[in-house]
Amino acid sequence: MVASSAGRFSEAGLAQLTEIVSHYPDAGGAILPALWLAQREYGGWLPAEAVAEVAARLGRPASEVQGVASFYTMYNMQQRGRHHIEVCTCLTCGCLGAYEVIDRLEQLLGIHLGQTTPDGEFSLTEAECLNYCEAATVVQVGERYFGGVNAGNVADLIDRLRGSDDCTPVSLSNAIVEAIVPGRAGATHG
Amino acid sequence: MNDTKLVNVTINGVALQVPKGERIIESARRAGIDIPYFCYHPRLSMENGANCRMCLVEMAMPRTGPDGMVTLAKHPKPQTACSLPADEGMVVETETEATVKARKGVLEFLLINHPLDCPVCDRGGECPLQNNTLHYGAGASRYIEAKRRYPKAYPLSEHVVLDRERCIQCARCTRFTQDISGDAQLDFLKRGADTQIGTFNAEAFSSLFSGNTIEICPVGALTSRHYRFQARPWDLATQKSICTECSNGCSIKLDHRDGQVLRVNGRVNEAVNEEWTCDRGKFGLPVAISGERLTAPLLRDGDRFREVSWDVALGTVAEKLQRAGKQAAVLAGSKLANEDLYALQALFRGGLGSTRSGYRLGGQSSEARDVAAGLFGLNPMPTGIAGLEASPWTLVVGSDLAVEQPIVFLRLRKSWRFGKSKALEIIPASAPGKTHVGAFAASSVRYAEGGLAEALRRTCAALLAANPGLTASQEVLAWAGSAVQNDGGAARRMAEVLATGPGAMVVGERALAGPDWREALAALGHLAALTGSSGSVNRLVSGCNDRGADALGFVGGELGVAGMLAGAASGSVPALWIAGADPVTQYHDPQSVIASLERAPFLVVSDIKLTATARMADVVLPSCSVAERDGTFTNVEGRVQRFRQAFEPRGSASPDWLIAARLLQRLGKPSVWFGWQDLLAEMRAHVPAFGEVGFDALDKDGAMLVATQVVD
Amino acid sequence: MAELQVLLQHRNVPGIDGIDVYESHGGYAGLRAALGKERQAVIDEVKASGLRGRGGAGFPTWIKWNGLPKSGPAQHYLLCNADEGEPGTFKDRELLLKLPHMVVEGMAIAAYATRSANGFVYVRGEFVESATQLRRAIDQAHRRGYLGRNILGHSDFCFDLHIHTGAGSYECGEETALMSSLMGERGQPRLKPPHGPLPVVSGVWGSPTLINNVETYACVPHILTHGGAWYAAMGTQRSPGTKIFSVSGHVARPGNYEIELGTPLTELIDLAGGVVGGALKAVIPGGSSVPILPAEKCAGVTLDYEGCQAAGTMLGSGGFMVFNDKTDIVALMRRTAQFYAHESCGKCTPCREGTRWMSRVLDRITAGAGRMEDIDLLLSICDQIDGRSYCPLGDAASWPIRAGIRNFRHEFEHWVRHGSSPIPGFVPPVRSHGPSPVPGRQE
Ligand SMILES: Cc1cc2nc3c(=O)[nH]c(=O)nc-3n(C[C@H](O)[C@H](O)[C@H](O)COP(=O)(O)O)c2cc1C
Ligand code: SF4
Ligand code: FES
C-alpha cells in the first residue's frame, strides 16, 4: 500500500503513514492525513515533490493529490513564516475588535495581510470563523488558539512567539494566559 | 436480453415509456425535447457532473397519502435533468417560466466572469456557451465588478492551450482524463471562484488522447495550438473520413478549407472509436497530408526531375511494365485504399501476368501469420474492438496497447471501468515503467527480450496449479512444468483470473516478430487452449489497411518484400512500382534499400509527396491523399469503412486505382471502373473476403470482411 | 423553561474528560443499557425520544438509523460530523474537548444499533486540541472494552473508531462533501436523492453510511440511560429535549448554554448576562446561515425548530450571535458574503459565481460606491442561487443576505446615499475580499 519509492518521508513518518492507511479501505482515502504528514515531513509546507511523494506512496495520480491539497486552506502550497498567525475576522470576532488586532499586527510586524516577514518568522492572514467565538477575538498560530486577543495585548503574543524556538510556544505571558479561553491554557499536545 | 424495466414518465405533457433510471435529459431528447446543458456528457461519469446547473427542470412525483389518495408532489427545488433518473410516474416540465428563469440565472452567472472575447475565440460559431446565450442571455450585463483574470493562452502541451478565463468549470476535460483515457492528467486546483483546471505542477499535458478534451470543452478554454486562429468554423467545410494513422480506422471528420485539412475531429462510431480520437490521428493526419505535395508526374532527367504530362509518364511506365511482363513487381504501402490494391492486382495479375505483389507488415513474417491462422483461425481479430467490452478478461501480450492501438486500449479500459472485464498483460521489460494497461491491470508480467514463450509457459504452469481440474495432454503438462514462485505473485494473480473461464487475448504486432516467434506462438496456443480462448486470440496489425492488403493477396506474394528489393538489385525485377510506400525512410535497413533501389533497372513511385524513395525513381506519379478522393479501408477488425473526398486533388494528382486503370487501358485491357463503387462491386464479386461488404453498411458502422483463405 | 444541563451537566467536573471520572458520573451506562436490548429496541428508544439532528437540519435521528440495511453484509460506516465550521457555533468543539467519552459512547450505541463495524470522527482540522482529547478517549475506551472486538463481551458487536482530520473547508461539514473528504477527495458534495442513493443506502466507499452531528451522538447515552420518554418530556412536543446554544457577540458572558428547547429567545440572552455595549439590535440565532432577526422581532420567539421558523429564521446549529446597536449590518452582511464566497467549493455555477458576485457588490457598497439598484441586484442574485445550487451551501449563502436586506434595508440605503455607515464613527475594514489568501495560495 505505502509504496517505497524514493522520497523525504522519515522512517517514523513512513510508519505512521502505514498505520493511517490501514484505517481506510483503500489507500486513496488516506490522502488527507498523508498530506498532513507530508506537510510536517517537508517542514511546514507542500512543495511539488511532497505532493508527488504522497501520490506515489498512495498510488494516486499526482494531479489528483495536488487538486486535493490545493482545495483545503490548511495545506500550505508555499513556504510561509515559522509562525503562521491567523486572525479570525468572521462575524463575532469581526464585531469585537479583530480588525484592530490586524492593524496592530501589521504595524508590529511591518507586513500586510498575506505576507511573511523578511526574517521568515511570521506570516499574517485573516481566517474564517475559528469557532471559538466565545473568546473573540481569536487568533490561531499553528496548532494553537489564543482567545481574548485585542489590540492592547497582541504585542505580548508576538514577543512570546518571537522568542520561542519552535512553532508551538510552551508558555505565554500572563496577560495572554489570562485572556485565553478557560481550560485552554497548559493543555498538552500529542 | 434487456431486463431494464420500463417506466412511465411525462415530459411537457408527452407520455413516454423509458428505461428506469435513464437520465431525463436523454428521455427528453428522444422525445424531441432539447434541454440546454454544458457539463453533461453521456460518456462521462455523473459523479463530478451535474455542476453547471443549466439543465434545471421542474419535477413532480406521485405520492400516496395516508388516505390512499395519490397526488403529485412537486419537488420544491428545480432538478438537474442530466442527473435525474427516470422513475415511475415522474412528471417533468422543461419550459415553464420558472425553469427558463433558472436557466437565465445560471447563464448570467456563467457570463459574469467570462471574457466575452468571442471575436478572437476559436470556439466562436460552434460554442455551446455562445449558442445558449442566444436563447437565455440577457441583453446587457448587470455585472460591473472586476472580472477574474488569468494569463491568456497558457500552453498545456505542444497540442493544447488553456484559457482559464473562458473555463466554466464543467469538469468535462478532467472527467475525460479520469474516466476515459485514465491518465488523470487534468484536475481541478483550488476552489470556489478560484477553481481552475491544471496538470500536476504545470507539467505538460502529455496524454495520448489530449485532443479529445478540445472537442468536448463546451467553451473555448481548451483549444488546439495547431488550429488556433486558423479559421472560423463557418468558413470550414467538413467531410466524413477515416483516420489513416493506425489500423483502428477511427471515424473522423475532416474540417477543411482551400484544399487544406485544418483539423480532425472524432465522429461517432459505436463499433470502433465511439467518438474519440487519439492524438496521433488528430494531430498527425493533417501534418501527414499537408506540406509540399506532388502535383504533376515527374520524369528522371539525369540527376533531376522534369515535369511531364500524364501521357508521357504513363507511356514510359506502360512500356517498361509491358516489357517486364510477369517479372514486374509492385510494392504497396499501408495507406492505399482497398480499391487501389484491387486495381493494382488487376493490373499486375490480369494485365501483366505477374504475381509479384508485396506489402510490408510490421515485422511479422507471413509464415508466422500462417501458423497463427492455423492455431487461432483465419480472422486475426475475431473478438473485434467493441467485442472486447464483453470479454470477462483480456490478456494483452507483448504490446504497450495504448501506444500501439489507442482505441482498442480505450475499449479495454472502458470495460474495466464498468467492471465488465479484467485486464492482464504480459509485456516486454523494455516497455515504459507503467504501461497504460498496467495502471489498472489485475496482473502485469514482464519478460526480457526473447522471453515471451517462457513467460507464457510460466503462466500456463501457474494456471494448471491454480486449477488442477483443467484437462491437458501429457505433452502440455510436461512442457508447462511447475509454477515458479519468485515473480512476486504476478503469474499466480494472472492465473486466478485466467482460471475463471474463457476470455480474450490481444497480441501485439511485435510480439511475434522476433526470432522466437515459433515457440511464442506455440506457447500462446497452449495458453489459449487451456483457457478455452482459442477462438478469441486477436493478432494486431498496425497499418491503416493491413487487413485489406492481406485480403487482397498482397501479403506473402511470390517474392516477398525482401525478394522484391533483391530482385530489383539483381535485375530479376526489371520494373518495380512502389505505391504509397517509402521504404528508404521506413524500413529498418535504409542503406540496403537504397543500395537495391540504386541498381533497379526501372523504378516508378506513386505517392503524395516527393519521398526519399520517390527521389530515386525513374518516374514519379502524384497520387491523392485520403482527403482528396473516395474509397474504403479495412481496419484491424476486418471492418471495411468508407472515406469521402473532401476537396480536389492537388494539380493533376490521381488516386492509385485510377493510375492502374489508365495503365490497363494502355496495355489494351480497359477496365470498366468509373469510380470507387465499381471497384468495390468487383471486389464483392471476385474477392471472397469482400463477398458480404454491402454499400449500405459502409456508411453506418462499416461492413465486415468474411474470413476466408486468400485465393490467388 | 430555562437552562437545563443534560449534556453539559458535568462539564466542569475535574477529570471528566478521562474515563474514570466519566464512568463515575454515569458514563457508559447508556452503552450497557443498549447492549441489553435488541438492536431495533435501541432505535425505538431513540424514536421515542424524538431526538432531531443537531447539525443544523433537525432531521429525526431515528429515521436515519432505521434506514440502514438490517440484514445482509454489515459493511456499514458510522460517521460523526465534528467539522463544526458554521460561524458562531462552538458547541461540538467544547463537547469533544471536555466530554469526549460522551461522544464515543453515543457512537458506540449507534454502531450497535446500526450494525456498523467502522466509524470515523471527522474533526475540523483546526481543532487539534479537541482531536487530541478524542484520541485519548478512544484509546481509553478501547482498553476498557467499550470499543474494539466483542464490545462488553457481546459476541456480535465489534466497532473500531478512527479520527479523520479535515484541512480547512467549511463545505466539508455538508454531509456528502464530508464523505468525499473522508475518501480523500476534494471536499465537494455528491449526488443525493432523487439523483443518487441516500448515504444510508450507499455512502462512503459504496457502503451504507450513517452520519450525525457530535451533539446528536452526545444525546444518545442519556436517552439510553434514562429512556426515550424521559428525553421527550423535555422541550416542546415537536422539538423535544435540550439543545446547546453557542452564545457570542455583544453579551456579558459568552459561552455554551444548554437549554430546554422552547425557551424564549430573550431568556437565553439574559442567561448570557444580557447585551453589553448598547441596546440589542439583532440576533442571528442559529449560525451565520440563518436569517438575522431584528431586535423588534425577538420578543416572543421561542428557541425550538418551529418557533424559529415561525419567526422567519431557523434554529440551525445553535450558533447564537447577539449584536448591539453599534453594529453595522451592511458590514456584517459583507463579511457573511465573504465567508460563503471563500468557502464555496466551486463545483456548481450558482454558488461559485453568485457568492463571489455578492461579496464584490457588498465590498463596493461599503467602499462608498454603492448604487441604489445594487440592493435589488443583491436580492436578485440571492434568488438565482437559492434552490439551484448543488448542495445547500448556496441556499445558506443567500438566506442571510436576503434577510439582512429585508430587515435592514434602510441601512443599505444609507450606505448608498451617503457612502458611509449609518453607525456614527463606524469605518469598515478596508480589506477588500475577506480572508486574504494564505501566501501559498496566491497565483
Ligand atoms: C454547507 C453546510 C455545512 C454544514 N456544516 C455542518 C457542520 O459543520 N457540522 C454538522 O454537524 N453538520 C453540518 N451540516 C449539516 C450536515 O450536512 C448534516 O445535516 C448533519 O451532519 C447531519 O447530522 P444530524 O442529523 O445529526 O444533524 C452542514 C450542512 C451544510 C449544507
Ligand atoms: S476547460 Fe473546458 S472542459 Fe475543462 S472544465 Fe473548463 S470549460 Fe470544462
Ligand atoms: S448539464 Fe445538468 S448540470 Fe450541467
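Across the interface of domain 1 and domain 2 of chain B, 11 residue pairs are in polar contact, both residues at pLDDT 80 or more. A polar contact is a pair of N or O atoms within 3.5 Å; within protein, one must be able to donate a hydrogen and the other to accept it, and residues adjacent in sequence count only if both atoms are side-chain atoms. The side of domain 1 of chain B that touches domain 2 of chain B has 9 nonpolar, 5 polar and 5 charged residues. In this classification Ala, Val, Leu, Ile, Met, Phe, Trp, Tyr, Cys and Pro count as nonpolar, Asp, Glu, Lys and Arg as charged, and the others, Gly among them, as polar.

The model is predicted: local features need pLDDT of at least 70, side-chain atom pairs count only at pLDDT 80 or more, and totals for chains, interfaces and linings use all residues. Residues are numbered from 1 along each chain as its sequence is written, chains are lettered from A and ligands numbered from 1 in the order in which they are written, and side-chain values use heavy atoms, with hydrogens and water left out.

**Domains of chain B**

Chain B is assigned domain 1 (6-109), domain 2 (117-288), domain 3 (298-363 + 546-704) and domain 4 (366-539); domain bounds come from an automatic or database domain assignment. The C-alpha centres of domain 1 and domain 2 of chain B are separated by 28 Å. In chain B, 19 residues of domain 1 are in contact with 24 residues of domain 2, where contact means heavy atoms within 4.5 Å. The area buried between these two domains of chain B is about 1800 Å², and carbon and sulfur atoms give 53% of it. Buried area is the accessible area (1.4 Å probe) that two parts lose on being put together, summed over both. On the domain 1 side, B:F38, B:R43 and B:L44 supply 40% of the area buried against domain 2 of chain B, more than any other three residues. The rule finds 4 salt bridges across this interface of domain 1 and domain 2 of chain B, a salt bridge being a side-chain nitrogen of Lys or Arg within 4 Å of a carboxyl oxygen of Asp or Glu. B:R43 also meets B:E270 in a salt bridge (3.0 Å, N to O).

| Interface | Buried area | Share on carbon and sulfur atoms |
|---|---|---|
| Chain A and chain C | about 4900 Å² | 58% |
| Chain B and chain C | about 3500 Å² | 48% |
| Domain 1 and domain 3 of chain C | about 910 Å² | 65% |

The contact between chain A and chain C takes 56 residues from chain A and 66 residues from chain C. In chain A, the residues that lose the most area to chain C are A:F71, A:L91 and A:E128, together 16% of what that side buries. A:E128 also forms a salt bridge with C:R335 (3.0 Å, N to O), and the rule finds 2 salt bridges across the interface of chain A and chain C. The count of residue pairs in polar contact between chain A and chain C is 22, both residues at pLDDT 80 or more. On the side of chain A that touches chain C, at least two residues each come from α2 (31-41), α4 (62-71), α5 (91-95), α6 (98-109) and β3 (122-127) of chain A. Helices (H or I, at least four residues) and strands (E, at least two) are DSSP runs, numbered from the N terminus. By class, this side of chain A divides into 26 nonpolar, 21 polar and 9 charged residues.

Between chain B and chain C, 48 residues of chain B are in contact with 37 residues of chain C. B:F109, B:R142 and B:R191 supply 23% of the area that chain B buries against chain C, more than any other three residues. There are 4 salt bridges between chain B and chain C. C:D395 and B:K77 form a salt bridge, with the closest N and O atoms 2.7 Å apart. Residue pairs in polar contact between chain B and chain C number 26, both residues at pLDDT 80 or more. Among the elements that give two or more residues to the side of chain B that touches chain C are β3 (56-64) and α2 (97-112) of chain B; α2(B) gives the largest share, 8 residues.

**Domains of chain C**

Chain C is assigned domain 1 (19-232), domain 2 (242-322) and domain 3 (329-418). The contact between domain 1 and domain 3 of chain C takes 12 residues from domain 1 and 10 residues from domain 3. Across this interface of domain 1 and domain 3 of chain C the rule finds 0 salt bridges.
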